[in-house]
Amino acid sequence: MPRVGARRGQTARLAGVDAYRASPHNSSLLSAARCSTGVLLVSFFLDMSTLRSAPFRQQHQSMRKCIEAMRKHFNPLLLPAKAKEVRLQLTQLFGELAQYLQATGKDLYPALAEAPDPAARAEAARFSAEFKQMLPRLAEFNRRWSSPEAIRAQASLFLKEANELLTWLERRFAAESSGLLPLLDRLDAASAAPAKVQLARI
């Protein structure tokens with residue numbers, strides 16, 4: 001039977017981890033390992049701002065703000081008067097998206113292609129292929145609605161296509177934040193981990 005003192009020590013360690021997780025002021029990524037008895041052992045902390053995924057998350061946030069600003073004008077009665085502003089916002093969004101795709105092609109997907117975990121490599125390849133399949137549709141949308149006049153002339157059709165495309169982008173950003181970028185975070189965590197420490201999701 002485990003000693004009372006040992007149980008108390010284990011409880012204290014776990015309580016410390018819970019307190020760390022719950023702190024609203026802590027912006028660090030907690031990486032951990034489990035020993036053979038299943039006790040959670042905190043191995044190290046990584047500041048989120050130092051992770052390679054940080055710039056991608058910031059770009060997500062910037063593009064989301066652009067989409068939110070654009071959606072404020074997505075009203076059939078308001079759109080004709082706001083068509084110029086909407087077109088400018090589209091130009092900004094597609095410009096940021098082009099920069100984002102260039103950055104992921106340079107710094108994200110090549111890194112994940114060398115991940116030691118085959119599942120991580122396969123997941124990254126799936127994300128990459130999905131976006132590549134969407135690129136012609138994005139380009140066609142940008143070409144079709146290349147001027148405020150085109151938007152005004154077919155406002156209802158524009159709203160339909162814009163809502164579909166922007167919704168896809170929003171869902172894509174959410175999927176990347178929860179499923180793709182954590183793969184890169186784990187690579188960063190693994191490179192900073194002490195030798196022979198097995199990383200575990202928490």
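**Helices packed around α6**

The crossing of α2 and α6 is left-handed. This is a predicted model. Helix α2 covers residues 54–71, and its axis lies 11 Å from that of α6. The two helices pack at an angle of about 165°. Angles over 145 degrees count as roughly antiparallel, so α2 and α6 are roughly antiparallel to each other. Eleven of its residues are nonpolar, four are polar and six are charged.

Now follow α6 itself. This helix runs over residues 155–192, which makes 38 residues. How far apart should its ends be? At 1.5 Å a residue, α6 should span 56 Å. Its end C-alpha atoms are 52 Å apart, which agrees.

Next comes α3, residues 79–113. A straight helix of its 35 residues would reach 51 Å at 1.5 Å a residue. The end C-alpha atoms of α3 fall short of that, at only 43 Å apart. Where is the kink in α3 centred? Look at T104, where α3 has a kink of about 45°.

How do α3 and α6 meet? Their axes come within 12 Å and cross at roughly 25°. Angles under 35 degrees count as roughly parallel, so α3 and α6 are roughly parallel to each other. The crossing of α3 past α6 is left-handed. On the α3 side, the contact includes L79, V86, L90, L93 and L97. On the α6 side, it includes F158, L159, L166, L169 and R172. By class, the α3–α6 contact has 20 nonpolar residues, no polar ones and two charged ones.

α3 also packs with another helix, α4, which covers residues 118–144. Their axes are 12 Å apart, at an angle of about 155°. That angle is over 145 degrees, so α3 and α4 are roughly antiparallel to each other. Here too, α3 makes a left-handed crossing. Among the α3 residues in this contact are R87, F94 and L101. Their helix meets α4 residues including R121, F127, F131, L135 and F141. The contact of α3 with α4 has 13 nonpolar, two polar and two charged residues.

Methods:
Residues are numbered from 1 along each chain as its sequence is written. This is a predicted model: local features need pLDDT of at least 70, side-chain atom pairs count only at pLDDT 80 or more; totals for chains, interfaces and linings use all residues. Side-chain values use heavy atoms; hydrogens and water are left out. Helices (H or I, at least four residues) and strands (E, at least two) are DSSP runs, numbered from the N terminus. The expected span of a helix is 1.5 Å times one less than its number of residues. Axes are lines fitted to C-alpha atoms, for helices over the stretch in contact, and angles run from 0 to 180 degrees between N-to-C directions. Angles under 35 degrees count as roughly parallel, over 145 as roughly antiparallel, 65 to 115 as roughly perpendicular and the rest as oblique. A crossing is left-handed if the near helix is turned anticlockwise from the far one by less than a right angle, and right-handed if clockwise. Contact means heavy atoms within 4.5 Å. Ala, Val, Leu, Ile, Met, Phe, Trp, Tyr, Cys and Pro count as nonpolar, Asp, Glu, Lys and Arg as charged, and the others, Gly among them, as polar. The bend at a residue is the angle between axes fitted to the seven residues ending there and the seven starting there.
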